Amino acid sequence: MAPLVDTRPARSRLRRGVSVRDAGPPIALLVIVLILSLLSPQFRTMGNALNILDAAAVLAVVTCGTTFVLLLGSIDLSAAGVMGASSLVVAVLVENSRNNLDLGTLGILIAVVLAAALGCVSGLLVVLLKVPSFMTTLGVSAIGLGVATLVFDGVQPGVVDPSLRSWATGRLLGLTYLTWIAVVCVLLAWFVQRYTRLGRYAMAIGGAEEVLALSGVRVGPYKVAVFTMAGAFYGLGAVMVTSQLGSGLVQSGASYTFASITAAVVGGTLLVGGRGGVLHSTVGVLLLTVLTNGLVLIGVSPYVQGGVQGLIVVVAVAVAAAPLRHRNQVVK
Amino acid sequence: MSAEGVIAQRSPSVVLEVRGLVKAYPGVKALNGVDLEVRQNEVLGLAGENGAGKSTLLKTLVGLVRPDAGEIYVRGQRVRLRNVVDAANHGIGMVFQEQSLVPNLTAAENIVLGCEGPAIRRGFYRWATMRALAQEQLDKIGSTIDPLARTDSLTFAERQMVEIAKVLRIEQRTHNSPVIILDEPTSVLEPSEIETLFEQVRRLREFASVIFVSHRLDEVLDVCDRVYVLRGGQSVGEVRPADAVAGELHRMMIGSESHEDHYHGSAVTRDETPRERLTVRGLAGATFRDVDLDVRAGEIVAVVGVHGSGREELCKALFGAVATTAGEVTLDGERLDLTGPRAACAAGVGYVPAERKVEGMVGPMSVADNMTLAKQRVRCAGPVIVPKRQSDIVDKWISRLSIRTPGRRTAIQRLSGGNQQKVILARWLVGGDVRLLLLDHPTRGLDVGARSEVYRLMRELAGTGVATLLLADSLEEAIGMADRVVVMSDGRIVAEVPCPPDRKPSPLDLVKEMV
């Protein structure tokens, strides 16, 4: 009888199956925070902690979107272009230095919806034309950059809208509004992942898409929905960047495509799909942000910072993947 | 439809009937007019060798394969099953051999997947409801698995229970007692787990009909009320375990005709005193242990065993492709390095994998590229490919093995299966240094003509002194080709049967050792 009797407590819920791999990134984060705290008195101040959270906010929001696409087993390279388009659209729709429009919140909403629409296009291309997401999202990114360049039209639109500007400057309980937005996004994304059909099916598609299809589920619509949702997160991220920069820039999202994928993977949301999740990815975001912040504070030359950060990321991923290795494994 | 009336009169308790089912694939007739009848609350066994048509039949019953001809009736109603959901709506569900659960979801989600009902409202999960729904299914089979455990944290046996619970959900759709198909459910279970599964099957019989498929005859006889025997895509008989013995069943499975003569014409004369070439002592790995084995130069040794006997892994281990934990292997007296395929290649070991299209060849690459894949030096000067050397050696082997291809530049995927297999064999011959060939189902999926060419080739190679370890597709093939047959069961070698050309054992002699 032994193997079939389950004596473990019934209320263990989803926590069962938490492995070394899941625990690895949080432990790495703690260790790095500890080391940096020992090395730098400036690092271990409350003010710096708030700075780190503020600096992580945009990446956290963007990574929420990327995470769902990675859970599918797809990849999304469209963040840069989608964010560029949204950034310019929001900058010319709210009160700005270029035209007389002052749509306020509606302008922000339009920018986010535009981003979601671009995400939807990626999803439709993947599902209907069966083009790999790597190519479709790269193409959509280029389209987004094109839209952004058209709207930019040679003159940089400065954001005047006081409420949008206050996103980056206003504080509530010590945290900037951007930080609060990021916290809400992460919680919302986590809720979607944990408590909605969309989130759970995204997991299942990454885990075993054929099984889902064999159970009579049409997976296409869920894939499109995931790409659309990811686009919305990029759009919101772009609005946040625009608030920080005070103007709409074509290149406002340029660094976020790979930063968000890196953060997700470092946190344990693997590229194979179905592994990790929003909270994992958020740990990855914090890990990257803490590293960037800490390396500056302990006085690592800016010339080697990039290299050191890359090295730490590669080591972290190699350690996390170690238990999965086997002989003759094919890695691409 | 007068036929329906007839069925209804003849035996009212028949829940599923199959008549004259035919399914042909290029080169083979997988089903050749199968008739089958499943009655209410019975456990029906399906027995048959590899290739007898069992899995095609099962796939037809759950709508994964569409038959070319023949009819399926559920409770007297003619049905057409287009997909798994269709089958489920008619009350037919299958527990797949290679498990079909989403590993990163909870057991509960898997059980209700695609048919969540009240567990998801407007796209939002209601975990408590889902848990209760799943618990209801698990209770039916008396399982105590936590419904909220992640599926990949469960053991294989536990996952099987989850699959059974999932299949039982089809009761909700039909409000009739379902037909549950168990495809080789015992192949990877421990003996104690098998006993639990059998209890489960007997419990299922209370409210469902079960089709139980297994390689192992003793199991079929143990748990089934009736057994159908399939051979060559036809049902060749029906047996009641009460009055049957395993031997009788086997005679039906294998058929009366003995191993055919055309491929074991072992006319090749060998050295009077053949040298030991491969010696294996105490080899152990994840699925086999204590393996002692000798193969002499020019000898063909076949390893037979049921699915899960560990013979495939043994074969891969000798090539260094799966890890070993203990043991010593020598080739011509020298220790063979088992740390990886590279070392094995260098030592003159060749391996023809069972999955030709996945592991055996690079489909879009040319015949020449595939043939020289393992021994690049035959076509290169240093790191550079010399076209003249390549064309000389490749053309030589194309003609020596009479490989039918438009040319050496043709992509290998455009060749027929038999010719592909010859190219893969040639890969080990071009170097001129092959001493041991490991052939994992070398004739799988080949038609009769291609098979006999591969057999002839194997004979020729043996004649030149190559030692061959063969995992045969069928017992007849093993007996026909081999000089010696080794029987594996549960990871160990349990018997060794000499197999000289003049005194071939019968398949039954081997089967006795296998079960």
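Two strands are said to pair if DSSP finds at least two bridges between them. The views below show a predicted model.

**View 1. The hairpin of strand 4 and strand 5 of chain B.** Strand 4 of chain B and strand 5 (residues 77-79) of chain B are antiparallel and share 3 bridges. B:Val74 lies opposite B:Gln77 in strand 5 of chain B. The two strands form a hairpin with 2 residues between them, and B:Arg75 in the turn has a positive phi of about 50°.

**View 2. Strand 1 beside strand 4 in chain B.** Strand 4 (residues 69-74) of chain B also pairs with strand 1 (residues 14-25) of chain B, in the antiparallel sense and over 5 bridges. Here B:Glu17 faces B:Tyr73 of strand 4 of chain B.

**View 3. The largest nonpolar core.** This core contains 176 residues, and A:Val61 and B:Phe212 have the most contacts inside it. Its main contributor is helix 2 (residues 46-72) of chain A, with 15 residues. From chain B, at least three residues come from each of domain 1 (1-91 + 179-188 + 201-254) and domain 2 (98-175).

**View 4. Surroundings of B:Phe212.** Leaving aside residues up to four places away in sequence, B:Phe212 touches B:Val43, B:Leu44, B:Gly45, B:Leu182, B:Val201, B:Val220, B:Val223 and B:Cys224.

**View 5. Chain A.** Chain A has 12 helices and 2 strands, in the order α-α-α-α-α-α-β-β-α-α-α-α-α-α along the sequence. Of its 332 residues, 50% count as buried. Among contacts in chain A with a separation of 6 or more, 77% join residues 24 or more positions apart.

Methods:
Residues are numbered from 1 along each chain as its sequence is written. Chains are lettered from A and ligands numbered from 1 in the order in which they are written. This is a predicted model: local features need pLDDT of at least 70, side-chain atom pairs count only at pLDDT 80 or more; totals for chains, interfaces and linings use all residues. A nonpolar core is a set of buried Ala, Val, Leu, Ile, Met, Phe, Trp, Tyr and Cys residues joined through C-beta atoms within 7 Å. A residue is buried if 20 or more other C-beta atoms lie within 10 Å of its own, exposed if 12 or fewer, and partly exposed in between; C-beta atoms are placed from the backbone. Helices (H or I, at least four residues) and strands (E, at least two) are DSSP runs, numbered from the N terminus. Domain bounds come from an automatic or database domain assignment. Two residues are in contact if their C-beta atoms, placed from the backbone, lie within 7 Å.
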